[in-house]
Amino acid sequence: MHTVLILGAGFGGLELAASLSESVPDEVRVTLVDQADGFVFGFSKIDVLFRGRSVDEVRIPYADLDRPGVEFRRETVTSIEPRTRRVVTDRSEYQPDTLVVALGAEYDPGATPGFVEDGHEYYSVAGAGRLRDRLRSFTGGTILIGVLSVPFKCPPAPYEGALMLHDELVRRGLRDATDLRVISPMPSPIPVSESTSAALVQALTDRGIGYTPGSRVRALDPATHTALNRTGDLRYDLFIGIPRHTVPRVVAESGLTEGGADGWIHVDPATLATPYPGVYAVGDCADAPVPRAGVFAENAARTVAANIVAALHGGPPPDRYRGQGSCYIEFGDGLVGKVDADFLSGPAPVAPLYGPSAELAREKEQFAIDRRKRWFGP
Ligand SMILES: Cc1cc2nc3c(=O)[nH]c(=O)nc-3n(C[C@H](O)[C@H](O)[C@H](O)COP(=O)(O)OP(=O)(O)OC[C@H]3O[C@@H](n4cnc5c(N)ncnc54)[C@H](O)[C@@H]3O)c2cc1C
């Protein structure tokens, strides 16, 4: 039996475990490790914030995971030694034939002075719950949504948040009393997709939501509720930020980020292999030149599964990683758009937009149902 240890049971880790279970259940023994007790889709945070879903309703317990050849263990990874593939957790030690790091990205809210004291976020489940509670007592004023650092998960998510927040404020009769604005250091919402950027900017404009591209909030002053910005300071009543993202501490301490772009794990973009034999990295923690999003982590996991199977069976190397994925975007009013992105097949990324439509909103729901079935079993 070839042993595969997958660190992190998120989008990437779950897809890799499912792919190996499907293709080589009798040849590979997969151990899947995560410190959490359940998986939460990134987009479920929007449901917690705006659709009245509780944290328990959106969490899929790992105890439900039932895939042949896959064992889930709830443990916290405390050390990774890539040269020897030795991994230590709070409960055990491992030395697998193949090690796959799929530990995602963590947030560093302290990187923006004043943000911990006076800001809110909806990028963590707990943060989305706190912001939902804060919005209940909001009675009007200025709301700023600021992207504090790039890269960050799901590039459309700040705009989804603004459009959904607009709907919520309209529903509660507070929209006329609220000035809503998005500020981002990026030149447009989705630079690789002109059609998506244009549609998002139009949607913001139609709803009277301000948009300041090319501008970064570098600090908050909690005493005066002011966002400090090189092009002019802005007063706010509620500041919602997309915090700086980093690799988890255990990854930074492992040496895996050496040579990686901007502190992420260095991988060969064709195979997701790290420079260490038998060690791969997929998803948000890796420096593959794609956005941080679940669909790309999933696509990367399939490439790694194909590489593991090819190494077991011999034969020609599998198709290279293409950085493909369909991202759904909430436009408000119950409408969802879809960007079919392909980052690495051609000389430049292509990412056309479809919709938004009610039909794509149903397709997004089905996307989540299909993943749950595939990753957790019937
Ligand atoms: C608001 C929001 C909306 C989003 N919407 C979308 C969307 O519509 N489509 C899309 O594709 N993506 C979306 N995303 C992005 C998506 O959630 C992530 O990009 C995706 O989850 C990355 O997958 P991953 O496998 O790399 O990491 P993750 O899914 O984050 O998994 C990493 C896992 O590692 C575990 N872990 C970390 N450290 C340790 C440790 N020391 N020991 C043990 N376990 C550990 C964590 O518990 C976690 O389960 C959204 C994100 C947000 C925040």
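Modeller: The domain bounds used here come from an automatic or database domain assignment. The model is predicted: local features need pLDDT of at least 70, side-chain atom pairs count only at pLDDT 80 or more, and totals for chains, interfaces and linings use all residues. Residues are numbered from 1 along each chain as its sequence is written.

The protein is divided into domain 1 (2-105 + 247-321) and domain 2 (109-245), and each of them gives at least three residues to the shell around the ligand. That shell holds 35 residues, with Gly8, Gly10, Gly42, Gly104 and Gly283 the closest; a residue is near the ligand if its C-beta atom, placed from the backbone, lies within 6 Å of it. Two or more residues come from each of helix 1, strand 2 (28-34), helix 2 (44-50), helix 9 and strand 21 (324-332). Here helices (H or I, at least four residues) and strands (E, at least two) are DSSP runs, numbered from the N terminus. By type, the shell has 20 nonpolar, 10 polar and five charged residues, where Ala, Val, Leu, Ile, Met, Phe, Trp, Tyr, Cys and Pro count as nonpolar, Asp, Glu, Lys and Arg as charged, and the others, Gly among them, as polar.

The centres of domain 1 and domain 2, taken over C-alpha atoms, are 30 Å apart. Their contact takes 13 residues from domain 1 and 16 residues from domain 2, counting residues whose C-beta atoms, placed from the backbone, lie within 7 Å. On the side of domain 1, helix 2 supplies the largest share, five residues.

Key. Two residues are in contact if their C-beta atoms, placed from the backbone, lie within 7 Å.
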